[in-house]
Amino acid sequence: GETWKLKIVGEKKETPVVPVETYTVELRGAKYSWEIGAPAFTYNAETKEYVYEETETAKLADYFKIDIPETKKWFKRDDLVDKNLSEASSDFVAMNDNSGDMKITDAADYDKITLTVKNDNGTWKLKIVGVKTDKVQIKGKFNSWTVADMVSNPNGTYTYEVEENM
């Protein structure tokens, strides 16, 4: 019999490799480090943002700046010089490369402050979001006029368990 041969001709399509530009983003300042060992931001590949969470929030009440070593520049937000966090927009705001520093005067009032940095078409932008736990206190003769913190509940109420002798 006859032998049939099959020849398959195909073209291999290569998916183009999109270069990912990642940078080192660091937080520097009086309460951090002006030299080596400054805290680094974590890069989120999905959102292309650099995130740093500060729980020792009083550190941000002192002067700080954002360093991106690859750019050989320091960055700061002009709207955040000796300002309250509530006065600063919680959305992304452009940063400038200059010698000034930032300072959140009421930083210690927050339990956590998250700094998020992104490169928006060559403009570095910073978003600052503070988390504050509301405190409700109870005071009176029953506890020698000292203050007792009430516990915050998910349903928006606050409770305090009174001891028998009160």
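Q: Where do I start with the largest nonpolar core, and which of its residues touch the most other members?
A: A nonpolar core is a set of buried Ala, Val, Leu, Ile, Met, Phe, Trp, Tyr and Cys residues joined through side-chain atoms within 4.5 Å. Here the largest core has 25 residues, and I66 and L115 are the ones touching the most other members. At least two core residues come from each of strand 3 (49-54), strand 4 (64-68), strand 7 (112-120) and strand 8 (123-131). Before we go on, note that this is a predicted model, where local features need pLDDT of at least 70 and side-chain atom pairs count only at pLDDT 80 or more, while totals for chains, interfaces and linings use all residues. Residues are numbered from 1 along each chain as its sequence is written, and side-chain values use heavy atoms, with hydrogens and water left out.

Q: And what is I66 in contact with, beyond its neighbours within four places in sequence?
A: Contact means heavy atoms within 4.5 Å. With those neighbours left aside, I66 is in contact with V25, E26, L27, F41, K73, W74, F75, M95, M102, V117 and L126.

Q: How much of the protein chain counts as buried?
A: Buried means under 20% relative accessible area, exposed means over 50%, and partly exposed is in between (1.4 Å probe, protein chains only). In this chain of 166 residues, 28% count as buried. The chain exposes about 11700 Å², with carbon and sulfur atoms supplying 48% of that area (Shrake-Rupley method, 1.4 Å probe).

Q: How many helices and strands does the protein chain have?
A: Both are DSSP runs numbered from the N terminus: helices are H or I with at least four residues, strands are E with at least two. This chain has zero helices and twelve strands. As for contacts with a separation of 6 or more, 53% of them are between residues 24 or more positions apart.

Q: What order do the strands of the open sheet have?
A: Two strands pair if DSSP finds at least two bridges between them. The open sheet here has five strands in the order 2-3-7-8-6, with antiparallel pairing. At its edges are strand 2 (42-44) and strand 6, each pairing on one side only.

Q: Can you walk me along that sheet?
A: Strand 2 pairs with strand 3 over three bridges, and N44 has E49 as its bridge partner in strand 3. These two strands make a hairpin with four residues between them, and K48 in the turn has a positive phi of about 60 degrees. Next, strand 3 pairs with strand 7 over six bridges, with Y50 partnered by V117. Strand 7 and strand 8 then pair in the antiparallel sense over nine bridges, and D120 stands opposite T123 of strand 8.

Q: How many salt bridges are found in the whole structure?
A: A salt bridge is a side-chain nitrogen of Lys or Arg within 4 Å of a carboxyl oxygen of Asp or Glu. The search finds ten of them. One of these joins D67 and R28, whose closest N and O atoms are 2.9 Å apart. This pair links distant parts of the chain, with D67 in strand 4 and R28 in strand 1 (residues 26-29), 39 residues apart. E26 belongs to the picture too, as E26, R28 and D67 are linked in a network of salt bridges.

Q: Is D67 buried or exposed?
A: D67 has 10% relative accessibility, so D67 counts as buried. R28 is at 8%, and therefore counts as buried as well. Besides R28, D67 touches T24, V25, E26, K73 and W74, not counting residues up to four places away in sequence.

Q: Which side chain does D101 meet in a salt bridge?
A: D101 meets K65, at 3.3 Å from N to O. D101 sits in the loop between strand 6 (93-94) and strand 7 while K65 is in strand 4, so the pair ties together parts that are 36 residues apart in sequence. Both D101 and K65 are buried.

Q: Which residue forms a salt bridge with D97?
A: K73 does, with the closest N and O atoms 3.3 Å apart. D97 is in the loop between strand 6 and strand 7, and K73 is in strand 5 (residues 73-75), 24 residues apart. With 40% relative accessibility, D97 counts as partly exposed, and K73 is partly exposed too, at 37%.
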